[in-house]
Each structure stands twice: as structure tokens, then as C-alpha cells.
Amino acid sequence: MTTVERITEIEAERSKVMSGFLLNLARKKPSTPKGEAKVLFPFRDEDDPRIVYKLSERARRISLKVNTAEREVSVIVPGIRALSKAKKFAREQQDWIDVQLEALPPPQPFLPGASILMRGELYELVSPPGRGRPKVNHERRIINVPAPDAESFPGRVRRFMIREAREELEAASHFYADKLGKRIGKVSVRDTSSRWGSCITRKGEGHISYSWRLISAPPFVLDYVAAHECAHMIEANHSQAFWDVCASINDDVKKAKTWLRKNGAHLHAVGAEW
Ligand SMILES: [Zn+2]
């Protein structure tokens, strides 16, 4: 059984669906109009990369949806024939789109001189000349990431963050699994946008997947998510029994849940370019 930790509550609160714009398009078979090149969905707007066009044969109308985790706006296109109207609609709604996206925490791009969240603190990114592994100066809150050129810098920072996350999350997973007398099979660290962690139990071993973004949260939050996923090895649900298991191995359940609810969007701003 798969159990997931969703942040859809946050999304549900903040994402707004603009569906007042009824087009009443009669649904037709998806066909490419003659002379038009085949369009591959989803794709980004040429002028505004924060806008993504998504084809939905089930949708009845053109709608806009703010995805706070991806920091982008989806334009739901109800059939290929509605594409040009959908593009026009997105243009007309540009002000609304700007307001929605500007309400999100400012982006923290992986660029030299920028500051990013790590372990709940702001660290400055520095690109020293030369080669070698990234080094962290915790006292001065600096992350030194040597890169041969500007283009490879963001990727290197990202890989560094994922490595740090993996180290911490593996340690935390083993720590909490031990407390429960359970074994960890595998820990994966990914860029999952919709959940902080998930746990599957296979042959008595927990296979846990986490979002690397937890490395940007204060340590008590990362620890809580690890405890939460480990507790799923005992209770594969979110029943009271599950929360009791959680509380028996971690003291910060309430505090961490509140932090994630309030600050989850800040974790999604790390490494964002817009
Ligand atoms: Zn859960």
C-alpha cells in the first residue's frame, strides 16, 4: 500500500481556478487542422515561461490553474481546436497571472551571489574559481560551489543540495526505523512537487521516497517527515493509531506540520528561476 504525504491542502487553498470563461466548445475528435503543425502538449508559452499549456479532452472550457508547487500557471486547453483561443485568453489574463505568481515567495535561483535556504537558514552561493567539491562554511553561511563555467553552476548547486538531502534523510530514516524496530530497504531523494515523502513497505522493509527540498527546511521539519514516513511502516494510513506512532518517536509533530503548512511554498522557491 502506498501512503503519500500531500501538500494538496496548501495547493487547494492557494490555487484558484478561473473557470468563469465559458467557451462551450462542442467536443470534437482530436484532429489536427490541415496545414497546422502537430502540437506537442504540454508546452511552455513562448513569451512567458511561467505559463504551460495542457491539453485536456475531458475539459469543457478553457481554464487557468495556479500551481504553487511548480510556480507556474496551467492553461487547460479543451481540445486542440481551442488552442488559439486559449492563448488569447492567457494574454487577456496576464495581469491576473502576474498577481497570482507574484504572491509566491520570491525565487531563489541557483546563481552566484544569490541566497538560498538550507537547513532553515539563508546561505550565500559563491562560485570560486577552480575545481573540486562544494564546501560549506556554516559560520559565514556560505556555500562554495566551484564550477568551470556559468552554465554548469545551477546544476552543480542542485546536485549538491540533493546529496546533502540524501545524507540527512538516510540518517534520519534509519534513526526512526530503528526506534520502531523496522528496517529501511531503500531511500530515494527526488524532486517530487506534490509530496514531501512517501513510503511503501515491501517484504517488511520500508522503501521511502523524499523531496530533496526538505534539506532547505529547518532540521526539525526534515526529522518529522522522516519519522512520519517511518511510522507508515507500522500504520499505512493516517489514523489516530498512526499519529500515536508518530508522536512516540518524534516530539515536533505539531510544530513541524504547522511549519510545512505555512512555509511549504518557500521550499519550492529554492532553485526556482521565476
Ligand atoms: Zn503520511
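Which residues does Leu222 touch, not counting residues up to four places away in sequence? The contacts of Leu222 are with Glu168, Leu169, Ala172, Leu214, Ile215 and Ala217, where two residues are in contact if their C-beta atoms, placed from the backbone, lie within 7 Å.

Some ground rules come next. Residue numbers start from 1 along each chain as its sequence is written. The model is predicted, with local features needing pLDDT of at least 70 and side-chain atom pairs counting only at pLDDT 80 or more, while totals for chains, interfaces and linings use all residues. Here pLDDT is the predictor's confidence in each residue, from 0 to 100. The protein chain has a mean pLDDT of 88, and 86% of its residues reach 70 or more. Over residues 1-32, though, pLDDT stays under 50, and for that stretch the model has 63 contacts beyond four places in sequence.

The protein chain holds seven helices and 13 strands; these are DSSP runs numbered from the N terminus, with helices being H or I of at least four residues and strands being E of at least two. Of the 274 residues, 30% are buried. A residue is buried if 20 or more other C-beta atoms lie within 10 Å of its own, exposed if 12 or fewer, and partly exposed in between, again with C-beta atoms placed from the backbone. Taking contacts between residues at least 6 apart in sequence, 56% join residues at least 24 apart.

Leu222 also turns up in the largest nonpolar core, a nonpolar core being a set of buried Ala, Val, Leu, Ile, Met, Phe, Trp, Tyr and Cys residues joined through C-beta atoms within 7 Å. Of the 42 residues in this core, Leu169, Leu214, Val221, Leu222, Val225, Ala226 and Ala227 touch the most other members. At least two core residues come from each of strand 7, helix 4 (153-179), strand 11, strand 12 (195-202), strand 13 (205-211), helix 5 (219-231), helix 6 (240-249) and helix 7 (253-269). There is a second, separate core of 13 residues, with Ile51, Leu55, Leu64 and Ile97 among them.

Helix 5 and helix 7 have axes that come within 9 Å and cross at roughly 105 degrees. Axes are lines fitted to C-alpha atoms, for helices over the stretch in contact, and angles run from 0 to 180 degrees between N-to-C directions. The two helices are therefore roughly perpendicular, the term for angles of 65 to 115 degrees. Where they meet, helix 5 brings Phe220, Val221 and Tyr224, and helix 7 brings Val253, Lys255, Ala256, Trp259 and Leu260.

On the strand side, an open sheet of four strands runs in the order 7-8-10-9, with mixed pairing; two strands pair if DSSP finds at least two bridges between them. Strand 7 (115-118) and strand 9 (135-137) are the edge strands, each pairing on one side only. Neighbouring strands of this sheet are turned by 35 degrees against each other on average, direction ignored. Strand 7 and strand 8 (residues 121-126) run antiparallel and are joined by four bridges. Leu117 has Leu122 as its bridge partner in strand 8, and Met118 stands opposite Glu121. The hairpin formed by these strands has two residues between them, and Arg119 in the turn has a positive phi of about 50 degrees. Strand 8 runs parallel to strand 10 (residues 142-144), with three bridges joining them, and Glu124 stands opposite Ile142.

Technical notes:
Angles under 35 degrees count as roughly parallel, over 145 as roughly antiparallel, 65 to 115 as roughly perpendicular and the rest as oblique.
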